[in-house]
Amino acid sequence: MFHDRKIWIGKSGDEKICIFPKMANRHGMIAGATGTGKTITLKVLAESFSDCGVPVFLADVKGDLAGMCRPGEENESLKKRIDALGLMQEGFAFRAYPTVFWDVYGEKGLPLRTTISEMGPLLLSRIMDLNDTQTDVLTIVFKIADDENLLLIDTKDLRSMLQYVSENAKEYALQYGNLSKQSLGSIIRAVVALEAEGGEYFFGEPALNIGDWLCTDCNGKGSIQVLDCQKLINSPTMYATFMLWMMSELFESLPEAGDREKPKMVFFFDEAHLLFDSAPKVLLSKIEQVVKLIRSKGVGIYFITQNPKDIPDGVLGQLGNKIQHALHAYTPAELKGAKAAAQSFRENPEFDTFDTLTQLGIGEALVSVLDESGVPTVVKRCTILPPQSQMGALQDEIRSSEITGNLLYTKYSDVYDRDSAYEFLQRKALADEENERKAAEEAEAEKIRKKEEAEAEKAKKKEEAAEKKAAEKKEAAKNREVKRAVNRVASSAAGTVGREMGNELGKKIGGTFGKKLGGNVGASLGRGILNTLFKL
């Protein structure tokens with residue numbers, strides 16, 4: 001309840017135990033063994049913050065926080081507690097609270113999505129359980145995508161980017177360093193495994209706008225965001241990383257607020273030990289940094305876990321408001337843990353903290369909060385108030401009606417897939433394939449053209465050779481004909497000359513007979529000489 005401008009937790013005797021709203025962003029813890037009343041305490045705090053006008057986020061691991069949207073109902077157990085604490089005189093009434101349901105898988109609430117880029121390589125590496133070398137390679141891939149203005153929205157974008165970088169690893173090596181194909185292949189397999197676990201549901205758009213959580217209803221009550229984690233908790237690493245992403249998103253998106261009269265928002269993380277189990281040092285350092293610095297953004301973070309030892313000392317030291325339910329001390333390890341939890345409180349001289357811690361009943365807790373000066377109060381044994389909203393699970397039809405009737409339903413219900421790395425690389429691959437096809441066709445056409453040109457040149461040369469040969473043959477025939485004609489003329493002329501010379505010579509020697517004989521001999525001799533000369 002919100003009483004006297006304070007977050008009323010419970011009563012210690014007649015004293016009201018409250019958290020001052022301006023100290024609520026100093027963070028806190030609700031711890032205790034199973035069945036000691038942690039969930040009831042969480043509901044009471046969430047309702048009180050909502051009454052104070054502070055938006056609240058709840059991680060609903062068991063499904064028993066959904067009743068926030070319905071007023072509670074009186075039963076015998078509740079009536080006894082209400083009467084014992086005198087709550088009716090303080091204005092206690094059963095009431096509903098403005099509740100928005102979310103679900104990473106989109107089954108029991110509005111789809112809660114983020115993008116691969118917003119998650120970042122460090123958190124994504126933890127989800128996929130990558131080693132240090134693979135994490136470094138993934139960081140380089142993110143850098144390449146950023147340098148080339150390629151949006152990484154969903155898992156298919158990341159997978160396409162990894163395949164593209166693997167295919168072009170040599171080209172990127174000079175600028176970004178060696179990119180092992182083995183590491184890239186391992187990351188691709190991890191992405192495929194992530195998709196098999198449902199990664200396609202929570203990586204996409206529309207991505208969550210944290211600003212949609214920082215609101216109140218028409219009555220000034222802070223809106224309560226309930227994330228159903230019943231299925232998500234089956235993947236503890238996924239759950240832890242998603243919770244850490246939300247803290248980081250708040251830290252990065254909200255401006256500095258300084259000291260405020262009340263927080264901008266309060267987060268409750270159930271099963272908080274999952275945030276820290278098996279987390280590498282670099283991630284633990286980031287968690288501690290966010291927890292330390294997010295206070296200045298006006299955000300309070302409350303961790304719910306079974307034992308304070310589940311929370312690292314660097315984070316535990318930042319938790320000013322502590323509500324510790326009963327702890328068992330049946331084994332040496334449990335005894336040691338209970339003693340450490342008792343010693344973390346400012347001692348109350350009225351009772352022994354350790355003995356009281358192991359004897360607390362259901363609905364009782366040891367409480368120490370920060371006073372107005374920021375100093376932890378002495379520990380008090382406190383009876384926690386009952387919640388005003390419905391306890392337990394919510395009927396499916398009521399939940400469905402709440403989901404579809406919310407104003408944010410139209411904004412987040414339908415997924416859309418805008419142009420990003422996958423689409424760009426698909427187009428690039430098709431363009432490269434088309435260019436390769438055209439280049440191959442052009443090369444083949446050039447090859448055919450050159451072959452045709454070579455054949456044409458060969459045919460031309462052959463034709464020219466044939467023409468030349470025919471011309472030479474024709475010229476030779478012509479020359480022979482000329483030669484024969486010349487021979488004939490010359491022979492006739494030589495014969496005539498020889499005959500006349502022979503006639504003259506024969507006439508002088510032997511008269512008419514000698515003239516005739518000499519002419520014949522002279523003609524033959526003349527023709528013979530001429531033929532001999534032409535042959536030479």
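The model I am reading is a predicted one.

Entry on the loop between E1 and E2. I looked up Arg5, which sits in this loop, and its relative accessible area of 68% makes it exposed. Its phi is near 60°, a positive value in a residue that is not glycine. Asp4 lies in the loop between strand E1 (2-3) and strand E2 (6-12), and I noted for Asp4 a positive phi as well, near 55°, together with a relative accessible area of 57%, so Asp4 is exposed.

Entry on a cis peptide. I found the bond from Glu205 to Pro206 to be cis, with omega near 5°, and I placed Pro206 in the loop between helix H8 (199-202) and strand E8 (224-228).

Entry on helix packing. I looked up H5 (residues 155-167) against H7 (residues 181-196) and read an angle of about 165° with the axes 10 Å apart; since angles over 145 degrees count as roughly antiparallel, the two helices are therefore roughly antiparallel to each other. Their crossing is left-handed. The contact includes Leu158, Leu162 and Val165 of H5 and Leu184, Ile188 and Val191 of H7, and its residues divide into nine nonpolar, three polar and four charged.

Entry on H9. I noted that helix H9 (residues 236-253) has 18 residues and spans 26 Å from first to last C-alpha, close to the 26 Å expected at 1.5 Å a residue. Of its 18 residues, 14 are buried, so H9 is largely enclosed by the rest of the structure.

Methods:
Residues numbered from 1 in each chain as written. Predicted model: local features only at pLDDT ≥ 70, side-chain atom pairs only at ≥ 80, totals over all residues. Heavy atoms only, no water. Axes fitted to C-alpha atoms, helices over the stretch in contact; angles between N-to-C directions. Helix = DSSP H or I, 4+ residues; strand = E, 2+ residues; numbered from the N terminus. Parallel < 35°, antiparallel > 145°, perpendicular 65-115°, else oblique. Left-handed = near helix turned anticlockwise from the far one by under 90°. Contact = heavy atoms within 4.5 Å. Nonpolar A, V, L, I, M, F, W, Y, C, P; charged D, E, K, R; others polar. Expected span 1.5 Å × (residues − 1). Buried < 20%, exposed > 50% of the residue type's maximum accessible area, 1.4 Å probe, protein only.
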